Each structure stands twice: as C-alpha cells, then as structure tokens.
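Let's take a friendly walk through this model, stopping at a handful of places where the geometry has something to tell us. Keep the viewer open as you read.

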Amino acid sequence: MKLSNDTVKACKDGFETHTRYRKQLPGVIRKIVESCKDKQCFEHIGAQLIPSRQSVIEIIFRIREILFPGYFNTTEKLDSTNLYYQTGRSVDMLFEIFSEQMTLSFKHDCLRYDQPCVQCVKLGYEQALKFLESIPEIRQVLATDIRAAYEGDPAAKSYDEIVFSYPGIFAIMVYRIAHQLFQQEVPLIPRIMSEYAHSVTGIDIHPGAQIGESFFIDHGTGVVIGETSSIGKNVRIYQGVTLGALSLPKDAGDLLRGRKRHPTIEDEVIIYAGATILGGETIIGTRSVIGGNVWITESVLPDTRVILEAPRLIYK
Amino acid sequence: MKLSNDTVKACKDGFETHTRYRKQLPGVIRKIVESCKDKQCFEHIGAQLIPSRQSVIEIIFRIREILFPGYFNTTEKLDSTNLYYQTGRSVDMLFEIFSEQMTLSFKHDCLRYDQPCVQCVKLGYEQALKFLESIPEIRQVLATDIRAAYEGDPAAKSYDEIVFSYPGIFAIMVYRIAHQLFQQEVPLIPRIMSEYAHSVTGIDIHPGAQIGESFFIDHGTGVVIGETSSIGKNVRIYQGVTLGALSLPKDAGDLLRGRKRHPTIEDEVIIYAGATILGGETIIGTRSVIGGNVWITESVLPDTRVILEAPRLIYK
Amino acid sequence: MKLSNDTVKACKDGFETHTRYRKQLPGVIRKIVESCKDKQCFEHIGAQLIPSRQSVIEIIFRIREILFPGYFNTTEKLDSTNLYYQTGRSVDMLFEIFSEQMTLSFKHDCLRYDQPCVQCVKLGYEQALKFLESIPEIRQVLATDIRAAYEGDPAAKSYDEIVFSYPGIFAIMVYRIAHQLFQQEVPLIPRIMSEYAHSVTGIDIHPGAQIGESFFIDHGTGVVIGETSSIGKNVRIYQGVTLGALSLPKDAGDLLRGRKRHPTIEDEVIIYAGATILGGETIIGTRSVIGGNVWITESVLPDTRVILEAPRLIYK
C-alpha cells in the first residue's frame with residue numbers, strides 16, 4: 001500500500017513545524033542561563049546539595065510510624081511479638097536517612113558562612129541520634145494532646161479517629177518534631193517540616209514556638225503561631241486564631257530578628273475562632289477564655305473572660 | 001596505585017565514626033519500644049489492620065472518575081462506544097477495593113468493642129454495593145452544585161473549568177460521598193475522606209452535616225461546617241464561614257456527643273466571607289443574606305438582610 | 001492431608017457470598033451509565049482529551065527548577081560547568097511536555113465552540129515557546145519578591161529558607177507563571193495551576209490579577225485575590241486578606257463576567273491580617289496601611305493609616 005501524497009505532505013509539514021520551533025530553543029536557553037549573570041536573581045550554583053524536601057517529608061512519615069506504632073503501617077500487622085523487630089528496623093532506617101539529610105543541612109549552612117565543614121558527617125550522626133533519644137518524650141506529650149482532643153471535641157468518635165484523621169494532631173506532631181530539631185539547632189529541616197504541615201493542614205506553627213502538653217487545635221485552618229510564642233499546658237484553640245507580632249514597619253526584618261515578638265498564653269486558656277493576640281509583652285493569664293474574633297494587644301489577667309461587645313447588626 | 005596513608009586513615013575514621021554511632025541504636029530502640037509500656041501513649045498493637053488512608057484517597061479518585069466520566073481519565077478517550085465498558089471496568093475495580101477497605105473498617109470497629117466480626121467480609125460487600133447504588137443520585141445532586149457554581153461566580157469561564165479546578169466542588173463532592181457512607185454507618189472511612197478534602201481545599205465539612213442541592217462554596221479556605229449542621233437548597237457560602245457550636249466548657253466532649261450543636265440554614269440563603277453562625281437552635285430563615293464577618297448566635301427571620309454596622313474606622 | 005468438611009464449607013460460603021454480590025454489579029453499572037442520559041449531569045464524552053492535572057503540576061515543578069537553578073534538583077550538583085547543559089536539558093524537556101498539554105487545552109477549547117482545530121498543534125509549540133521566552137523576566141521579578149520576604153519577615157533566617165519553604169513565595173511563583181499564560185490566552189491551564197497553589201498554600205490568587213514586583217504574602221492561609229484586582233509595587237499582605245467583589249445578587253455570574261469587580265492597591269501599601277477590601281472602584285492609595293480585620297468598600301487616600309476603632313471588649 002502506498003500512502004497518498006496528501007498524507008505524506010501532512011506528515012512532513014508536522015515534522016517541519018516541530019523542527020522549526022525546536023530550532024529556536026538554543027537561543028531561548030542561552031537567554032535563560034544568562035538572565036541571572038548579574039546575580040540579581042536567585043540560583044544555588046556550586047553550592048552543596050540541599051536537604052531534599054521530599055526526603056524531609058518521608059522522614060516525617062517514618063517518625064510518625066515510630067510515634068504511633070501499628071496505626072500507619074498497613075501492610076503488616078503489629079503484635080507484641082514483632083513490635084520490637086519492626087521498631088528496630090524502622091529506627092535503624094530512619095537513622096541512616098535522617099543523618100544523611102542532617103549532614104546536607106549542616107554542610108549547606110557551613111558554605112553559607114564560607115566555612116568548610118569537616119565535622120558535618122559526624123554532626124549528622126550525632127544530631128540524628130540525639131533526635132531518636134527524644135522520641136519517648138515526644139510520644140508521651142503527644143498522648144496528652146490526643147486525650148485533649150477527645151475531651152474537647154464532641155464530634156470525636158474514638159481515639160483512633162483522632163490519631164488517623166485530625167489535622168490538628170498532625171500539625172502538633174510535626175511541630176513537636178520540628179521544635180526538637182530547632183532546639184538542636186539543625187538548620188533548614190525544621191522549617192521545611194513546619195511548612196509541609198502548614199500546607200497539609202492550614203495550621204502554621206513556627207518550630208521555635210514553645211507549647212506545653214495537652215494542646216488541642218480544632219479545625220485549625222488559618223491558625224498562625226509565631227516564632228517566639230509561648231503556650232502553657234491544657235490550652236485549646238480554634239480555627240483562624242493568630243498569635244502574632246505587632247505591626248512591623250518596612251525593613252523591620254533585620255531589626256527584630258531574634259527578639260520576643262509574639263504573646264505568652266498561660267495554662268488552661270481557651271481561644272475561640274478568629275481571635276487575634278499580638279505582641280511580645282502580651283500575656284493571657286491562666287484559665288482565661290478569649291472569645292471569637294476578639295483582637296487583643298494587651299495582657300489579660302487570669303480567670304478573665306474576654307468577649308467582643310456584640311457589634312450592632314442591621315436587619316433589613 | 002597505592003592509596004596514601006592519609007586517605008586510608010580518613011576512610012577508616014569515617015567507618016569507625018559511623019559504627020560508633022550505630023552501636024548506640026539498640027539502646028535507643030529499647031527505650032522507644034518500652035516508652036509505651038505503661039499504656040500512657042497510643043499504639044495499635046495486636047489490633048486489626050486499619051483502612052489505609054492511601055487506599056481511601058485512591059477510592060475518592062476512582063469514584064470521581066465514575067461521577068464525572070471523561071474528565072479525569074487522561075489516557076483514553078471516552079466516547080459513546082466505550083463508555084459502557086470503561087464504566088463497567090471502573091465500577092468493578094472500585095467494588096473490590098472499596099469492599100476490602102470497608103471490611104477492614106468494620107473489623108476494626110468490632111475489635112474496639114471486643115467483639116469478633118464473622119460478618120465483616122459480607123458487610124464489606126453489602127455496604128460497597130449499597131454505595132454504588134447511590135452513585136446515580138450523587139451524580140444528579142453534583143450536577144446542581146456545578147450549575148450553582150457557574151451562576152454564582154462571574155470568574156467562571158466554563159463548566160469544565162469548574163469540574164476540573166474548583167476546590168469548592170471537590171470539597172462538596174467528597175462531602176456527598178462521605179455523607180452517604182456516614183448514613184450507611186461505615187466507620188472511620190467518611191472522616192478520613194473529609195479530612196483529606198479539608199487538607200486539599202481548606203474546607204472542613206463534617207460527613208454528618210446535611211446539605212441540600214445546588215450548594216456553592218466560593219474560594220472556601222477556612223470554611224467549617226459542623227457535624228449537626230443542616231443546610232437547605234440553593235445556599236451559597238464564601239471563604240471563612242463557620243457553622244459551629246456555641247462555646248464549649250472543658251470536658252464538654254462526652255456531654256454533647258450526638259446532640260444538635262450546629263445551626264440550620266434554610267433554602268436560598270447567602271452567607272458572605274468570614275461570617276460565623278453558632279448554636280444548634282439557630283435558624284437562618286429562607287432567602288436571608290448574612291453579611292461578611294457577621295457573628296450570629298440567634299435565629300434570623302426569612303427574607304432578612306443582616307449586615308454588620310460599619311465599625312468605625314480611624315484614618316490617620 | 002484432607003481439609004475438614006467445615007473448612008471446605010467455609011471456603012465455599014465465602015466464594016458464594018462474593019459471587020452473589022458481584023452478580024448484582026451489572027445492574028448497578030447499567031444504572032450508573034444511564035443516569036446521565038438526560039444530560040442533567042456532567043460528562044465529557046466524545047470530547048478531546050483534556051490537559052492532565054497531574055501533568056500541569058509536573059510542569060509547575062519543572063518550571064521551578066529552571067527559575068531557581070540548583071535549589072530543587074537534589075540528585076546532581078549544579079556548578080558553573082554543568083549549569084548550561086542541565087538548563088538546556090530541562091528547557092528542552094519542558095518544551096515537549098508543555099506544548100503537548102497546551103495543544104490539548106486549545107483542542108478542548110475549540111470543541112467547546114464546535115470548531116475543528118487544525119492549528120492546535122502549531123499553537124501548542126508557539127505558545128510554549130512564548131512562555132519560555134518570558135522566563136528571564138519572571139526570574140527577575142521573583143528575585144524582588146524574595147528580597148521583599150526577607151525584609152518583611154523577622155523570622156526569616158536566610159534567602160535559601162525563603163526559596164525552599166515559604167508558601168507565599170510558592171503561591172506568588174505559581175501566580176506569575178499562570179498570569180503569563182493567562183495573558184497568552186491559554187485556556188484551562190492557568191486556572192488548574194492557581195488552584196493547585198491554592199490547595200498547597202491556602203492562598204487563592206486568580207491568574208488574571210495584576211501584581212507588581214516585590215510582593216510579599218506572610219503566612220498566607222485564607223488570602224483571596226480576585227480576578228480583576230490590580231496591585232502595585234512593594235505591597236505586603238498577611239494571612240486572611242481578601243481583595244474581593246462587592247456582594248453579588250443570585251445569577252450575577254453572567255452579568256458581571258469580564259467587568260472590573262476587584263480593588264486597586266497602589267505601591268508600598270501594607271494590609272494586615274484578616275482585612276477585607278471590596279469593589280472594582282475601590283482604590284487604596286500609595287503608602288497607606290490597612291489595619292487588621294478592617295472592612296473597606298471605599299477608596300482610601302495615599303499615606304493614610306486605617307485602623308479599626310478598637311471594638312469594646314467585655315471582661316468578666
């Protein structure tokens with residue numbers, strides 16, 4: 001069979017069109033590569049490899065399997081016989097992956113200060129081990145958080161449902177992991193973790209914040225807890241709550257870096273949806289209740305109930 | 001070629017460092033395994049396997065392909081000839097995967113009450129089939145939701161854009177699936193589904209809520225619709241709207257479980273961004289319009305327009 | 001060894017149960033296929049294949065690797081020697097994938113208007129190339145955005161942390177890509193991109209909005225920037241800010257499509273968390289500062305500071 005002349009022509013045309021456009025690529029590529037020559041834009045050339053965001057996320061999920069044994073590994077049943085072996089294997093693998101990523105983050109940090117890092121591999125092992133040693137404590141604190149969720153949410157059907165599906169628990173778990181790493185002064189990784197949790201839950205907790213046990217966040221979308229916030233025990237907050245800094249002038253970045261800019265929340269406080277509490281010197285006293293949408297920039301005494309004077313509504 | 005003594009030494013040092021840290025792992029692992037011995041933290045040992053979150057998410061996407069044929073399968077073109085075969089194949093595969101996950105969720109629920117579940121496999125088949133039978137109805141209701149989106153959003157360019165990319169439609173679709181399963185009293189799976197949609201869209205609709213046809217959520221981030229909310233037909237809501245419970249005392253969880261705690265929204269109501277409506281006895285009457293940021297804890301008569309008295313602004 | 005009669009019976013029963021349920025599938029499948037016969041629900045039958053959401057997301061990540069060389073490819077180190085080859089390879093592959101998806105989107109658009117599209121393949125090449133040519137400019141604008149983030153956020157530890165983990169930067173990057181495609185009148189793809197970023201960050205920027213350089217969004221969850229918004233240079237906004245349309249009557253969709261419905265924000269403006277600015281004729285003048293939770297539907301002169309008169313709080 002012979003193809004018709006028309007078919008042959010259409011084929012050729014298609015090929016030629018493709019080629020004609022492809023021939024313009026080298027010029028475009030040259031412009032793209034050179035577009036950064038004047039250093040006005042960001043590239044990461046000649047630098048150390050960076051912790052892989054994908055690996056950091058994988059590390060979160062590996063840690064979660066160890067924190068909540070039997071909940072998230074769905075291929076093998078855990079029982080008292082194999083628990084020890086499974087945990088051993090998980091921790092072993094986590095150590096290898098985590099120390100490697102930590103080494104990358106230390107190396108990257110060294111180069112930023114133009115220093116070579118002969119100790120980075122060792123630092124990676126050391127800090128990974130230090131993190132593993134903190135796991136028993138993290139498990140115990142998380143158990144108090146889960147109980148607080150069950151007590152605080154009438155829609156909770158079981159503890160298992162909370163462990164499985166509550167975004168607040170996921171965000172708090174990632175925060176407790178990231179905060180431990182923040183305290184160990186591991187660069188980059190804590191923030192990559194917290195922004196992953198932010199992305200998944202809409203809850204933005206900076207790894208530097210200090211948060212006591214039995215902490216519950218319900219619904220959670222829009223919650224912001226700033227770097228220097230300090231939160232006591234048995235605190236409960238709802239969606240859209242901000243613990244933030246007072247208004248910042250332009251270029252405030254450098255001036256305020258490292259200073260206490262976010263509020264202190266004492267034990268047993270409840271903060272309802274949409275409330276905003278600002279400023280490093282603001283203290284919300286023990287057992288106080290902050291109503292929905294309240295906007296606070298000054299301290300509140302213990303045992304106070306603060307509610308918005310009902311704004312007048314117009315009914316037409 | 002012979003390696004220099006320095007190189008050999010560096011190699012050995014590296015190996016020894018690694019080994020030295022690894023030797024500490026067994027001690028750490030023992031502490032981790034034992035850290036839960038007193039049952040103060042959560043593990044899921046010796047229990048039945050649990051529905052896999054990953055499988056539940058896969059099920060959502062398989063159902064979506066059946067609900068909107070031709071929109072989301074991008075490898076094969078659907079036409080009137082193969083529609084029947086493709087749908088048949090998709091439904092068949094969904095039945096197998098879904099009934100398996102349902103069986104796991106029933107088994108898990110049985111064990112929670114310390115009962116054996118001889119019927120769990122059969123229940124899995126039965127409830128998976130029951131769900132499949134509800135698909136035609138879900139398709140029809142979703143079609144009203146998509147039309148409502150097109151009518152309500154001047155930025156919508158086409159119905160296809162809405163089906164493809166609108167987070168509100170995704171959240172409502174997952175809600176309608178999860179609500180059907182909630183009514184069938186399938187454990188765990190509905191809530192895993194709704195929290196997945198919450199994670200993807202920032203829209204948190206509890207599977208227990210009742211929502212009529214032609215429902216539209218625009219933008220949607222921060223929307224919370226509580227478990228016992230009841231919403232009529234042709235309702236439209238915007239980002240940040242909360243249909244919630246009145247303030248809960250500590251330990252309210254057990255007291256209020258199962259009671260009507262969230263509001264009733266009648267037909268044709270519009271609720272603008274950031275409005276909060278609370279309480280199980282609050283009813284928003286037909287055709288009423290609730291303005292942005294309004295905070296309501298009492299019922300509103302039909303045909304009422306409620307707006308915030310413009311708060312005084314200070315201009316400097 | 002012979003199986004006991006009971007075991008054999010249990011096996012048979014299991015098999016028969018499965019079969020009994022499976023036999024009901026054909027009836028269910030028929031109903032599902034036919035449930036759309038009256039065209040009351042949405043299907044996409046006999047239509048062109050549609051751009052794959054998964055491919056569009058992959059395209060975003062491929063573009064990001066080119067925009068920020070060395071930051072996101074974690075397997076190979078980039079240096080001045082291989083930068084050119086790596087970029088060349090990345091751009092080459094992007095061209096092929098992107099032009100294919102663009103062709104699909106043009107074909108799909110043609111069929112919507114019942115026109116054949118002989119030019120769609122060529123259009124795909126042409127518009128993919130045009131997009132590639134815009135990359136140097138997008139890189140330069142993004143560099144100003146990253147500097148603005150560092151200056152505006154005291155919690156930022158380094159530029160690298162911002163590039164890696166700031167959701168605001170991700171949302172702005174996707175917006176700048178999608179806006180370029182919106183200007184090239186590429187159908188469907190820009191909106192799929194912006195809804196992906198919305199899903200990941202909680203920040204909803206319509207591709208049609210116009211946004212100047214050095215734009216910073218902090219935290220970001222709940223931000224909504226409508227289709228016809230216009231934003232100047234050096235603007236900074238916080239979580240929960242809405243640039244929206246005034247209230248829309250039912251069925252407003254068709255009436256208002258294409259009209260300017262969203263506000264204009266001039267250079268150097270700061271808008272704090274939760275503020276809502278509505279209406280196509282509303283202009284916020286240069287260097288003005290809009291306080292948290294402020295609700296504005298009228299223009300504000302330059303150099304004005306607008307804050308909410310502190311709502312009265314009730315302390316109990």
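Where in chain A is the place of G285(A)? G285(A) sits in the loop between β11 (283–284) and β12 (289–290) of chain A. Bear in mind as we go that this is a predicted model. With a relative accessible area of 2%, G285(A) is buried, because buried means under 20%. Setting aside residues up to four places away in sequence, G285(A) touches E266(A), V269(A), V300(A), L301(A) and P302(A). One of these neighbours deserves a look: L301(A) is 16 residues from G285(A) in sequence, yet the two C-alpha atoms are 4.9 Å apart in space.

The corresponding stop in chain C concerns backbone geometry. R287(C) lies in the loop between β11 (283–284) and β12 (289–290) of chain C. Its phi is near 65 degrees, a positive value in a residue other than glycine. R287(C) has 45% relative accessibility and counts as partly exposed. In chain B, E185(B) also has a positive phi, of about 60 degrees, although it is not a glycine. You will find E185(B) in the loop between α8 (167–183) and α9 (189–201) of chain B, and with a relative accessible area of 65% it is exposed.

Now turn to a helix. In α2 of chain A, which spans residues 25–34, the buried residues are L25(A), V28(A), I29(A), I32(A) and V33(A). Viewed down the axis of α2(A), these buried residues fall within an arc of 135 degrees, so they line one face of the helix.

Next come the rings. Over all chains, the count comes to 36 aromatic pairs. In one of them, F72(A) and F164(A) have ring centres 5.8 Å apart and planes at 85 degrees, so the pair is edge-to-face. This pair links distant parts of the chain, 92 residues apart: F72(A) is in the loop between α3 (53–67) and α4 (83–112) of chain A, and F164(A) is in helix α7 (residues 159–165) of chain A. Both partners are buried, F72(A) at 15% relative accessibility and F164(A) at 8%. Another edge-to-face pair joins F170(A) and Y196(A), with 6.3 Å from centre to centre and 75 degrees between the planes. Here F170(A) lies in helix α8 (residues 167–183) of chain A and Y196(A) in helix α9 (residues 189–201) of chain A, so the pair ties together parts that are 26 residues apart in sequence. F170(A) is buried at 12% relative accessible area, and Y196(A) counts as buried at 14%.

Ring pairs link F68(A), Y71(A), F72(A) and F164(A) into a cluster. R64(A) also lies over the face of F72(A), 3.6 Å from the ring centre. In chain B, the charged end of R64(B) sits over the ring of F72(B), 3.6 Å from its centre.

Leaving aside neighbours within four places in sequence, I271(C) is in contact with R236(C), I237(C), Y238(C), V241(C), L243(C), I265(C), I277(C) and I290(C).

Two stops remain. R191(C), in helix α9 (residues 189–201) of chain C, counts as buried at 8% relative accessibility. Beyond its neighbours within four places in sequence, R191(C) is in contact with A155(B), E161(B), S165(B), Y166(B), H206(C) and P207(C). Finally, the domain assignment of chain A gives domain 1 (44–203) and domain 2 (222–316). Their C-alpha centres lie 28 Å apart, and four residues of domain 1 are in contact with five residues of domain 2 in chain A.

Definitions and conventions: Residues are numbered from 1 along each chain as its sequence is written. Chains are lettered from A and ligands numbered from 1 in the order in which they are written. This is a predicted model: local features need pLDDT of at least 70, side-chain atom pairs count only at pLDDT 80 or more; totals for chains, interfaces and linings use all residues. Side-chain values use heavy atoms; hydrogens and water are left out. Buried means under 20% relative accessible area, exposed over 50%, partly exposed in between (1.4 Å probe, protein chains only). Helices (H or I, at least four residues) and strands (E, at least two) are DSSP runs, numbered from the N terminus. The arc is that of the directions from the helix axis to the C-beta atoms. Rings of Phe, Tyr and Trp (its six-membered ring) pair if their centres lie within 6.5 Å; planes under 30 degrees apart count as stacked, over 60 as edge-to-face and the rest as tilted. A charge sits over a ring if NZ of Lys or CZ of Arg is within 6 Å of the ring centre and within 35 degrees of the ring normal. Contact means heavy atoms within 4.5 Å. Domain bounds come from an automatic or database domain assignment.
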